[in-house]
Amino acid sequence: MAGQVQEPVTYRPPGATAKQGSATTEDPITTEVIRHGLNAAADQMQLALCRTAFSPIIYEILDLCCALYDRDVRLLAQGKSLPSWLGTMNFSIEAIVKAVGGPETLEEGDVLFSTYGYDLGSHPQDAVTVLPIFFEGELVGYAAVKAHQMDIGAKDLYCSDTTDNFQEGAIFPGVRLYRKGELQEDLWRSLIANSRMPKALAGDVHASIASAEVGARSVRQLLERYGTELFFSCVERMFDHGEATVRRFLEEIPDGRYVARGALDSNGITTDSIDFEITIDVQGSEILVDFSDAPPQQRGPVNAPQPVAVSCARYTMMFLAGGGSRDYINEGHLRPIAVRTRPGTMFHPLPPAPLFLYNHPSRQACDAIIRAMADALPGQVTADSGGCICSALFWGTKEDGTLWGTGIDHAVGQGATLAADGGGPLMHIAVSGIRSTPVEVAEARFPLVVRKFELAQDSSGAGQHRGGLGLDVEYELLEDVYCTAIIERTKREPLGLFGGDSARANRMGVRDPEGGELAITKVTALPIVKGSIFQVRTGGGGGYGPAAERSPEQVARDVREGFISEEQARADYPHAFGAKA
């Protein structure tokens with residue numbers, strides 16, 4: 001695979017070279033009404049999807065993305081779900097539309113669909129549904145939904161050990177699932193036949209189509225109210241405002257080159273760590289995030305397609321931008337951010353490299369970029385978080401012979417900042433829109449009991465501001481099950497900043513009924529016998545500033561509330577007990 005490495009390519013969104021945008025003069029009030037109407041439409045898409053989906057991974061965990069694009073495939077609005085898919089559904093739309101023959105071949109009533117990882121920028125389970133939006137006979141945009149399907153025919157229900165993308169699920173490489181409103185029965189039967197959980201897949205795909213229809217209908221309503229010319233003129237002004245907001249933030253960063261260094265624990269096949277380096281070049285209100293020095297694409301499934309690198313740069317910059325960019329994101333916000341990748345590397349793999357764990361490099365890259373910007377933006381960065389979502393997926397067979405399965409993600413401690421202790425446990429920034437499966441749902445629907453779900457005392461990094469706490473979680477399995485577990489940041493503790501201490505790293509393991517224990521990291525289809533305890537110990541957040549500068553009153557409060565044991569407090573904060581640091 002190393003021989004496939006090619007020359008770097010740089011991705012810039014449409015309009016990125018026009019620093020001042022189109023300078024439209026439409027009424028700002030009307031523009032705001034239309035902007036909020038589009039944002040509300042994206043939210044309504046998400047509500048429709050969650051209310052009609054069959055799988056808890058969609059309606060409880062919110063492993064989904066709902067977005068609206070204009071006819072030029074520019075982002076109008078995206079629901080607040082997964083930041084890790086921020087503004088990158090355009091890659092899916094462009095690839096899928098091209099696969100079916102181009103926009104000129106689209107007709108009202110068409111529904112497009114893909115499970116091809118290199119179109120989606122993620123694994124095949126994150127199937128994408130695209131609905132072309134027509135108004136008065138003209139193509140005006142697209143409603144797109146990406147939602148995680150529990151099973152779409154991969155070698156296992158969830159995988160950490162694939163060696164090519166053919167093992168990762170049935171490939172539907174951009175097809176018309178509906179043609180002019182008519183379901184293509186042959187395609188539909190082929191899709192459902194490639195799932196171990198056909199009822200759930202059918203229900204969730206229909207829910208995705210319904211969600212897209214809600215978005216399309218909302219766009220048509222706005223067009224009916226304002227007319228096509230005024231609507232799209234206001235959209236241009238909306239883009240210009242988003243662009244100006246981000247450019248103001250970028251101008252606050254001192255010009256120069258910043259180097260981010262990160263690592264993955266392993267590629268899922270071998271146990272060797274994978275070090276990588278990213279550079280961030282800032283010049284005025286322009287920024288280039290350069291992934292081109294990444295390692296060659298990997299034999300294991302930690303390869304992240306180009307859209308993942310683009311998304312990582314975008315959501316990390318939006319996180320750093322803070323208050324000015326916490327609103328809904330549109331194409332304008334993304335214009336100043338250019339991303340360079342090198343085909344054939346881990347952040348721009350080429351087929352048939354495996355992709356199943358595409359999101360893990362992105363999370364580590366996000367944390368590395370934040371650390372790299374610490375000196376330039378000391379008041380806007382956080383120390384390291386636990387750096388993972390510590391995923392566990394269990395499955396087995398019901399009495400009627402059908403398969404059941406569920407995935408559970410876990411929150412980690414967040415890093416402290418210049419102004420405050422770290423939050424948490426919360427989901428990693430990359431997936432901050434999702435949730436852990438509620439205990440009640442997990443126990444009611446699946447053969448497990450949650451024996452422990454508590455804040456982990458002494459898991460945070462000490463500092464003037466301490467990091468957030470991780471979690472200690474234990475599940476008792478009530479049946480024999482299979483498990484795929486995927487965890488990162490087990491080899492490296494979450495780092496503190498500016499003298500702050502490191503926090504506890506992530507851990508997973510299984511204790512069988514006989515008392516035997518097995519530590520696990522990335523593992524696929526691990527048999528676990530009835531009565532075993534599956535243990536998750538999520539990492540804490542790093543501290544910010546020297547621990548000697550934390551006030552004794554804060555230390556006393558932490559001990560009183562159980563966040564830190566007295567023994568640990570005496571070790572980390574001796575000054576709070578009258579001793580010299």
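This is a predicted model: local features need pLDDT of at least 70, side-chain atom pairs count only at pLDDT 80 or more; totals for chains, interfaces and linings use all residues.
**View 1. Five strands form an open sheet with antiparallel pairing.** The strand order is E15-E16-E21-E18-E19. Strand E15 (448–455) and strand E19 (517–520) are the edge strands, each pairing on one side only. From one strand to the next, the twist averages 15°. Strand E18 (residues 507–511) runs antiparallel to strand E21 (residues 533–537), and five bridges join the two. Within this pairing, Val510 has Phe534 in E21 as its bridge partner.

**View 2. A salt bridge joins the side chains of Asp472 and Arg504 (3.1 Å, N to O).** Asp472 belongs to strand E16 (residues 471–477) and Arg504 to the loop between E17 and E18, so the pair ties together parts 32 residues apart in sequence. Asp472 is buried, at 12% relative accessible area, whereas Arg504 is partly exposed, at 24%.

**View 3. Asp367 and Arg489 meet through their side chains in a salt bridge (3.4 Å, N to O).** Asp367 is in helix H10 (residues 359–372) and Arg489 is in the loop between strand E17 (481–486) and E18; the pair links distant parts of the chain, 122 residues apart. Asp367 is buried, with a relative accessible area of 4%, and Arg489 is buried, with a value of 1%.

**View 4. Glu277 and Arg261 form a side-chain salt bridge (3.2 Å, N to O).** Because Glu277 lies in strand E10 (residues 274–283) and Arg261 in strand E9 (residues 256–264), the pair ties together parts 16 residues apart in sequence. Glu277 is partly exposed (30% relative accessible area), while Arg261 is exposed (54%).

**View 5. A network of salt bridges links Asp240, Glu243, Arg247, Glu286 and Arg335.**

Key. Residues are numbered from 1 along each chain as its sequence is written. Side-chain values use heavy atoms; hydrogens and water are left out. Two strands pair if DSSP finds at least two bridges between them. Helices (H or I, at least four residues) and strands (E, at least two) are DSSP runs, numbered from the N terminus. Axes are lines fitted to C-alpha atoms, for helices over the stretch in contact, and angles run from 0 to 180 degrees between N-to-C directions. A salt bridge is a side-chain nitrogen of Lys or Arg within 4 Å of a carboxyl oxygen of Asp or Glu. Buried means under 20% relative accessible area, exposed over 50%, partly exposed in between (1.4 Å probe, protein chains only).
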